[in-house]
Amino acid sequence: MATAGQAATRDASAGVDGYVLRTATAQDVGGARAVMLDTVYRDLRSGYVPRWHADIIDIEGAYLVPPRCTLLVALHGGEVVATGAVRDRGPQAPPNPRRVADRFPSGTTAQLCRIYVRPGHRRRGLARRMVRELGEFAVRAGGYTSLYLHTDPAVPGAEPFWRSLAEEVCDERTLPDGGQGIVHFELPMPRPGGRA
């Protein structure tokens, strides 16, 4: 049975590369959670922090049930190898800078998050495909006026990837106290039925 969030997302077909990109179902939750937890432990090196990662534990409540949220998965050989999500709230202050939180208010901000690809499946265009599909979901969901995300520049390849797609809004490393050391970005909203 499709949930409200799933009903608003089109399934993408398998590419010639054998990857299937589609809206997550309840059967994908375990695989998606494994990709996410592996990433927060291995790449982000933060480990599981409840105040930052509660959505990873409650994937269904965070992404599959709410109508303006979604979780996409990329499968290869039936295994979840990548994730990407839209949540319907903007960054909060604190811990984020007030000017960032004010620019991206909850309700009108589609926050892209959990865009993670297993190491053996990187550099194949999966993250770029995820971003495109998530942006198109935000347009179809309605009511969103901006696409926001933040990234940890300590993760290899993350900062250059996002700089190739998005506009920097705030690099916390330049703040007097260094902030959280993350970089905030805004992506162009796709036009309905077209590209950004």
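The legends below describe close-up views of one predicted model, from the whole chain down to single residues.

In this predicted model, local features need pLDDT of at least 70 and side-chain atom pairs count only at pLDDT 80 or more, whereas totals for chains, interfaces and linings use all residues. Residues are numbered from 1 along each chain as its sequence is written, and side-chain values use heavy atoms, with hydrogens and water left out.

**View 1. The protein chain holds 7 helices and 7 strands.** Helices (H or I, at least four residues) and strands (E, at least two) are DSSP runs, numbered from the N terminus. Followed along the sequence, these elements give the pattern α-β-α-α-α-β-β-α-β-α-β-α-β-β. Of the 196 residues in the protein chain, 48% are buried, where buried means under 20% relative accessible area, exposed means over 50%, and partly exposed lies in between (1.4 Å probe, protein chains only). Among contacts in the protein chain with a separation of 6 or more, 63% come from residues 24 or more positions apart, a contact being heavy atoms within 4.5 Å.

**View 2. Seven strands form an open sheet with mixed pairing, in the order β1-β2-β3-β4-β5-β7-β6.** The edge positions belong to β1 (19-23) and β6 (167-171), and because each has a single partner strand, one side of each is left without a neighbour in the sheet. From one strand to the next, the twist averages 25°. Two strands are taken to pair if DSSP finds at least two bridges between them. Strands of a sheet pair through backbone hydrogen bonds, in either the parallel or the antiparallel sense.

**View 3. Strand β3 is paired with β2 and with β4.** The β2 and β3 strands run antiparallel and are joined by 7 bridges; they form a hairpin with 2 residues between them, and G77 in the turn has a positive phi of about 60°. On the β4 side, β3 (residues 79-87) and β4 (residues 109-117) are also antiparallel, paired over 5 bridges. Residue A82 of β3 is the bridge partner of A74, and the bridge partner of A82 in β4 is V117, while R87 stands opposite Q111 in β4. The strand β3 is mostly covered, with 8 of its 9 residues buried.

**View 4. Helices α6 and α7 come together with a right-handed crossing.** Their axes come within 12 Å and cross at roughly 45°; axes are lines fitted to C-alpha atoms, for helices over the stretch in contact, and angles run from 0 to 180 degrees between N-to-C directions. That angle makes α6 oblique to α7, given that angles under 35 degrees count as roughly parallel, over 145 as roughly antiparallel, 65 to 115 as roughly perpendicular and the rest as oblique. A crossing is called left-handed if the near helix is turned anticlockwise from the far one by less than a right angle, and right-handed if clockwise. On α6 the contact is made by A127, R128 and V131, and on α7 by F161, W162, S164 and L165. Sorted by class, the contact has 5 nonpolar, 1 polar and 1 charged residues, with Ala, Val, Leu, Ile, Met, Phe, Trp, Tyr, Cys and Pro counted as nonpolar, Asp, Glu, Lys and Arg as charged, and the others, Gly among them, as polar.

**View 5. Helices α2 and α3 are roughly antiparallel to each other.** The axes of α2 (residues 29-42) and α3 (residues 50-57) come within 9 Å and cross at roughly 155°. In this contact, R33, M36, L37 and V40 of α2 meet H53, I56 and I57 of α3. By class, the α2 and α3 contact has 5 nonpolar, 1 polar and 1 charged residues.

**View 6. D28 is found in the loop between β1 and α2.** With a relative accessible area of 5%, D28 is buried. Once its neighbours within four places in sequence are set aside, D28 is in contact with R22, T23, V73, L75 and V80.

**View 7. A101 is found in helix α5 (residues 98-103).** A101 is buried, its relative accessible area being 10%. The C-alpha atoms of A101 and P91 are separated by 5.2 Å, although the two residues are 10 residues apart along the chain. Not counting residues up to four places away in sequence, A101 touches P91, Q92 and A93.
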